[in-house]
2 protein chains.
Amino acid sequence: MKLSHIGEFGLIQRFKKHIKLDSTVIKGSGDDCAVIKRDKSTYMLYTCDMIIEGVDFKPKEDPYLIGRKAIAVSISDIAACAGLPRYAVVSMGLPKNTSLTKVDRISRGIFDLAKEFNINIVGGDLSRSQRIVIDVSMLGVVDKKALVLRSGAKPGDLVFVTGRLGGSIHGRHLKFTPRIKEAQYLVRNYKINSMIDISDGFMQDLRHICEESKVGAVVFEKLIPLDKDAASLNEALFMGEDFELIFTMPRKEAARLLKNTRGKFHLAAQIVDKKYGLKFENKKEPISGRNLGFNHF
Amino acid sequence: MKLSHIGEFGLIQRFKKHIKLDSTVIKGSGDDCAVIKRDKSTYMLYTCDMIIEGVDFKPKEDPYLIGRKAIAVSISDIAACAGLPRYAVVSMGLPKNTSLTKVDRISRGIFDLAKEFNINIVGGDLSRSQRIVIDVSMLGVVDKKALVLRSGAKPGDLVFVTGRLGGSIHGRHLKFTPRIKEAQYLVRNYKINSMIDISDGFMQDLRHICEESKVGAVVFEKLIPLDKDAASLNEALFMGEDFELIFTMPRKEAARLLKNTRGKFHLAAQIVDKKYGLKFENKKEPISGRNLGFNHF
């Protein structure tokens with residue numbers, strides 16, 4: 001049997017069975033970050049993301065933006081757990097004939113974003129490869145009280161996104177701003193029940209929240225905020241790498257949020273009982289679990 | 001200018017200039033692990049290593065051993081700083097047509113070694129790639145008092161290795177045991193001034209100790225312990241991936257070590273003043289800095 005048969009998520013499920021964790025691990029794989037005990041008031045967040053030439057960016061792309069994306073995706077994971085990024089190590093595979101100018105541009109993209117978010121780049125590994133591959137692993141810190149996972153959504157919660165969706169493939173996947181600031185504002189001022197960043201696509205990532213929270217969701221198609229570059233609603237719903245955050249909160253909190261922040265956060269769905277599955281408003285049939293968004297295999 | 005012109009170590013130097021670290025970072029890049037403040041009595045160690053098909057292992061290699069190597073190299077980095085490995089995240093790039101059996105074997109190799117060393121695999125990332133690429137990032141813990149870096153070697157120190165050298169290319173680079181146990185024994189019972197693991201080759205890695213400690217070294221060619229698979233002394237001196245530890249300690253401590261552990265650790269060199277450079281015993285000329293061992297570019 002080939003990898004493509006069970007897909008990325010099947011493979012992850014397959015791995016999880018074999019992993020044993022000790023009591024210092026609050027949350028292993030299956031969320032945006034792993035959560036590990038740290039001290040009385042904080043947890044450590046730990047994540048990694050690999051980007052590969054020809055899959056996650058085109059060979060001709062601006063090297064600065066390649067480096068920027070390599071680190072931005074991990075910062076976005078930390079944001080999704082409501083943490084602050086602190087340390088990172090960077091592994092890079094580069095073709096032997098890569099020009100120094102290109103390497104400098106890539107690393108500049110990494111260092112600049114690290115600086116912007118106060119991240120210490122504390123180490124790395126360099127290797128020879130046929131195509132450019134960059135893996136960033138990142139450590140963050142989150143107040144115990146502020147931690148938000150995918151698993152806390154409750155029926156009745158309203159579902160919001162931090163920005164407009166779609167159009168990532170037209171360039172925004174290389175230039176997005178990780179939503180650290182927004183996540184900090186949200187957890188400091190409201191009760192947020194669950195959160196995830198959109199890497200696989202709005203529908204796929206909302207499904208991740210539904211699965212981890214054991215709930216269903218009704219998507220308000222007409223309210224989905226389209227990015228100016230989005231070619232269609234389908235792009236906004238199903239295409240990966242918007243890197244906005246999806247978050248859910250109780251109705252009362254939502255009313256307060258909408259009043260305080262007019263237009264900044266976009267209502268997109270409502271959490272319902274698990275038995276209703278994941279569906280569009282005014283459609284009876286739940287959406288099948290397959291092909292909701294990007295899958296690597 | 002091409003990457004191959006300045007090489008892996010030149011590139012690392014180039015990066016280091018642009019990196020700013022805050023006061024929680026005890027040691028950034030330039031050692032086997034980064035060292036970060038943790039609590040009153042311990043530091044956190046942080047490292048990453050990427051292995052790539054066709055560079056670090058052959059396509060036809062046993063997938064179990066590929067997975068095993070991917071995690072073993074990071075454990076070896078933690079050992080070199082005298083720490084204990086605790087957590088890891090694993091990024092994997094896999095060709096679309098990879099068989100499930102192969103993926104299972106790779107992950108089994110990772111999980112088995114993780115279990116043996118009590119490491120929590122807390123997350124990962126899966127991506128599509130042309131060739132197999134695995135990046136493991138690892139967190140460890142070390143007692144402040146036990147921490148050993150590359151930079152502590154002193155003139156007069158004797159230099160030891162934890163095992164026989166050479167022959168790694170004949171298979172041992174896939175099957176080595178990271179020297180966690182040995183490092184723990186050493187730092188608990190002796191004063192160890194500096195330590196490094198042999199990834200680039202004995203001479204190259206001894207040179208890293210010399211540079212970081214601002215000392216020279218005289219290598220006792222005739223004492224270099226050859227592995228049974230080593231084809232030549234040159235292989236033992238210059239070939240990478242033995243993954244034994246090189247460590248240095250004061251003479252008195254060395255005498256005690258030799259008495260207590262007869263034959264387990266091998267005397268290989270002596271630290272001298274920086275002005276003598278790095279040289280072989282009975283040779284007047286110091287060995288030039290270039291081409292001492294493995295360089296990826």
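## Helix packing around H3(B)

H1(A) crosses H3(B) in a right-handed manner, where right-handed means that the near helix is turned clockwise from the far one by less than a right angle, and left-handed that it is turned anticlockwise. This is a predicted model, in which local features need pLDDT of at least 70 and side-chain atom pairs count only at pLDDT 80 or more, while totals for chains, interfaces and linings use all residues. Residues are numbered from 1 along each chain as its sequence is written, and chains are lettered from A in the order in which they are written.

| Pair | Angle | Axis distance |
|---|---|---|
| H1(A) and H3(B) | about 25° | 11 Å |
| H2(B) and H3(B) | about 40° | 7 Å |

The angle of H1(A) makes this helix roughly parallel to H3(B), since angles under 35 degrees count as roughly parallel, over 145 as roughly antiparallel, 65 to 115 as roughly perpendicular and the rest as oblique. Leu3(A), Ile6(A), Leu11(A) and Phe15(A) meet Leu100(B), Val103(B) and Ser107(B), contact being C-beta atoms, placed from the backbone, within 7 Å.

H2(B) also passes H3(B) in a right-handed crossing. Among the residues that meet there are Ile66(B) in H2(B) and Ile110(B) in H3(B).

Between the chains, the contact takes 55 residues from chain B and 55 residues from chain A.

Notes. Axes fitted to C-alpha atoms, helices over the stretch in contact; angles between N-to-C directions. Helix = DSSP H or I, 4+ residues; strand = E, 2+ residues; numbered from the N terminus. Contact = placed C-beta atoms within 7 Å.
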